[in-house]
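Morning, everyone. Please have the sequence and the model open while I talk. I'll take the spaces first, then the strands.

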Amino acid sequence: MKKKETYEGEVLRLKFPNKGIVKADGEAETVQVKNTLPGQKISFQLTKNRQNKKEGRLLEILERSDLESQTPPCIHFQKCGGCSYQSLDYEGQKQLKLQQVQALFEDICPGFPLQECMASPAVWEYRNKMEFSFGDEEKGGQLALGLHKRDSFYDIVPVKGCRIVTEDVRKILSATADYFSEKGIPFFHKISHEGYLRHLLVRNAAKTGEILVCLVTTSQREADLSEYRDLLLKNDYNGKISGILHMVNDGLSDVVRADRTEILYGNDYFYEDILGLKFKISPFSFFQTNSLGAEVLYEVVRQYAGDLNGKVVFDLYSGTGTIAQILASKGDGTASRVIGVEIVEEAVEAAKANAKLNHLDNCGFIAGDVLKVLDELREKPDMIVLDPPREGVHPKALAKILQYGVEQIVYISCKPTSLAREMPTFLEYGYAPVKAACVDMFPWTRGIETVVQLVNIGVKPDDTVRADVDADEMYKTNS
């Protein structure tokens with residue numbers, strides 16, 4: 001096979017996340033091609049030709065898969081890079097995700113107890129946070145506001161009909177796009193670093209209906225945004241706008257951030273309710289992007305944790321402390337004390353404020369790196385909850401965690417490949433997975449959450465830290 005040549009073939013299966021394994025016609029090797037489905041006949045261009053890894057770029061779907069049972073409901077599906085599985089019915093896409101995660105553990109942990117992919121209570125209009133970008137659909141085109149085109153860093157797809165956000169968010173998106181288009185205000189160009197408009201961040205609450213709108217610009221021009229604010233406020237919404245913010249970001253990277261913030265209306269936060277607890281959320285607070293799905297996820301965590309009466313729980317990588325507070329909330333089987341550890345100081349301050357808001361005095365939060373904080377804690381846990389970032393737990397930190405020898409660990413993973421990478425270490429330290437489930441927090445996209453209950457079956461290594469000097473490099477490579 002030759003690089004840049006065009007080939008045809010059939011997609012045999014999917015490898016997480018959403019990488020089709022394609023058998024090219026007349027060729028012995030298989031090629032990975034993203035954005036495909038098992039059973040499709042496709043044409044692709046070979047983009048990487050290494051002995052142990054060949055990759056291709058999808059050119060055309062020549063024949064649909066038998067799995068594709070519906071016309072994609074969203075008009076933007078073919079162009080937008082947000083969703084992957086809208087040509088499947090919901091049960092079909094759940095099963096496809098489950099099969100991809102199951103395949104990750106087949107060789108690593110035979111008999112891995114993963115049998116279920118739990119549904120999101122809402123499969124449409126579920127997303128409570130969206131970051132839209134200003135740009136153009138093609139070079140030199142008109143102003144557009146939306147999401148990045150599939151496999152493109154520059155081109156923007158206007159997504160006024162996006163189905164995974166609420167009607168309120170669509171109204172705000174449309175009003176913002178139309179207003180700035182009419183004003184002829186330029187967007188920030190990623191190459192020249194000139195322009196004004198950068199991002200629109202919208203967060204909303206499923207339970208309270210509150211909405212927070214954040215317009216992100218550069219400081220390259222003075223603009224009176226009172227007219228824009230009033231335009232948003234006069235619209236009719238199912239919910240209610242709690243705040244409109246103007247954020248200034250003069251950084252060069254294409255991330256949503258704020259060097260400074262001006263409140264145009266209301267507050268710089270809103271409230272959401274999860275399982276009877278109230279949470280105050282700021283523009284950059286970590287919070288699950290599917291509020292109703294989060295309740296399903298946290299109920300699984302609570303079920304796996306079991307009776308915590310009189311026990312001390314460590315919630316490591318605790319974010320804004322959602323799980324810690326759910327395990328600490330008053331009721332049967334409540335933990336006597338929950339200690340959350342999180343490296344992001346803003347998240348820790350939010351966790352403390354939310355615990356106070358919920359009148360919880362049996363949970364506390366520490367700002368710092370888990371690897372270092374564990375050396376400073378005198379208290380010993382009876383149970384540990386792990387909810388690490390996508391890259392997973394650093395090997396050195398994982399070794400320290402496992403040396404506590406607690407009876408059980410509940411691990412929540414938003415990137416199952418990271419969990420699969422770490423599973424041999426759990427097995428080595430004597431932990432066996434006894435329960436596992438996927439929770440579909442991100443319908444129609446390739447994302448999936450996985451929850452595992454790991455029980456200590458009594459086989460323990462010596463007390464030596466197992467991570468060697470190459471652990472940092474191994475972590476980067478496997479991430």
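**Cavities, pocket and strands**

The residues that line the largest cavity divide into three nonpolar, one polar and three charged. For those classes, Ala, Val, Leu, Ile, Met, Phe, Trp, Tyr, Cys and Pro count as nonpolar, Asp, Glu, Lys and Arg as charged, and the others, Gly among them, as polar. This is a predicted model: local features need pLDDT of at least 70, side-chain atom pairs count only at pLDDT 80 or more, and totals for chains, interfaces and linings use all residues. Residues are numbered from 1 along each chain as its sequence is written, and side-chain values use heavy atoms, with hydrogens and water left out.

Which residues line that largest cavity? They are Phe134, Phe188, Lys190, Leu197, Arg198, His199 and Asp254. A cavity here is a set of points, on a 1 Å grid over the protein atoms alone, where a 1.4 Å probe fits but cannot get out; a pocket is an open set with protein on both sides within 12 Å along at least five of seven lines; lining residues have an atom within 4 Å of a point. Strand β10 (residues 197-204) gives the largest share of the lining, three residues. Strands (E, at least two residues) and helices (H or I, at least four) are DSSP runs, numbered from the N terminus. The space in the largest cavity is about 50 Å³. Grid points are joined across faces, edges and corners, and a volume is the space filled by probe spheres set on the points.

How many cavities of 30 Å³ or more does the structure hold? Three. Two elements give two or more residues to it: β15 (277-281) and α6 (345-357). β15 gives the most, with three residues. By class, the lining of the second largest cavity has five nonpolar residues, three polar and one charged.

Now the second largest pocket. About 700 Å³ of space lies in it. It is lined by 27 residues, and Lys34, Asn35, Leu58, Arg150 and Asp151 are the closest to its centre. β3 (30-34) and β5 (54-63) are the elements that give two or more residues to this lining. Of the two, β5 has the largest share, seven residues. The pocket lining divides into seven nonpolar, 10 polar and 10 charged residues.

β3 and β5 bring us to the barrel. Five strands form a closed barrel, in the order β1-β2-β3-β5-β4, with mixed pairing. Its twist averages 50 degrees from one strand to the next. Two strands count as paired if DSSP finds at least two bridges between them. Strands of a sheet pair through backbone hydrogen bonds, either parallel or antiparallel.

Start with β1 (residues 6-15) and β2 (residues 19-24). They run antiparallel, joined by six bridges. Val11 has Val22 in β2 as its bridge partner. Their hairpin has three residues between the strands, and Asn18 there takes a positive phi near 65 degrees. Next, β2 and β3 are antiparallel too, over five bridges. Val22 turns up again, opposite Val31 in β3. This hairpin has five residues between the strands, and Gly26 has a positive phi near 75 degrees. On its other pairing, β1 meets β4 (residues 41-49) in the antiparallel sense over five bridges. There, Thr6 stands opposite Gln45.

Next, the open sheet. Eight strands run in the order β6-β21-β22-β20-β19-β16-β17-β18, with mixed pairing. Which strands are at the edges? β6 (114-118) and β18 (363-367), each pairing on one side only. The twist averages 20 degrees from one strand to the next. Helix α1 (residues 90-105) packs on this sheet, touching β6, β21 (431-439) and β22 (449-456). Contact means heavy atoms within 4.5 Å. The direction of α1 makes about 145 degrees with that of β6. Axes are lines fitted to C-alpha atoms, for helices over the stretch in contact, and angles run from 0 to 180 degrees between N-to-C directions. Elsewhere in the sheet, β16 (residues 312-316) and β19 (residues 383-386) run parallel, joined by four bridges. Asp315 has Val385 as its partner in β19.

Last, confidence. pLDDT is the predictor's confidence in each residue, from 0 to 100. The chain's mean is 92, and 95% of its residues reach 70 or more. Over residues 461-479, pLDDT stays under 50. The model has 32 contacts beyond four places in sequence for that stretch. Where pLDDT is low, the predicted coordinates should not be read in detail.
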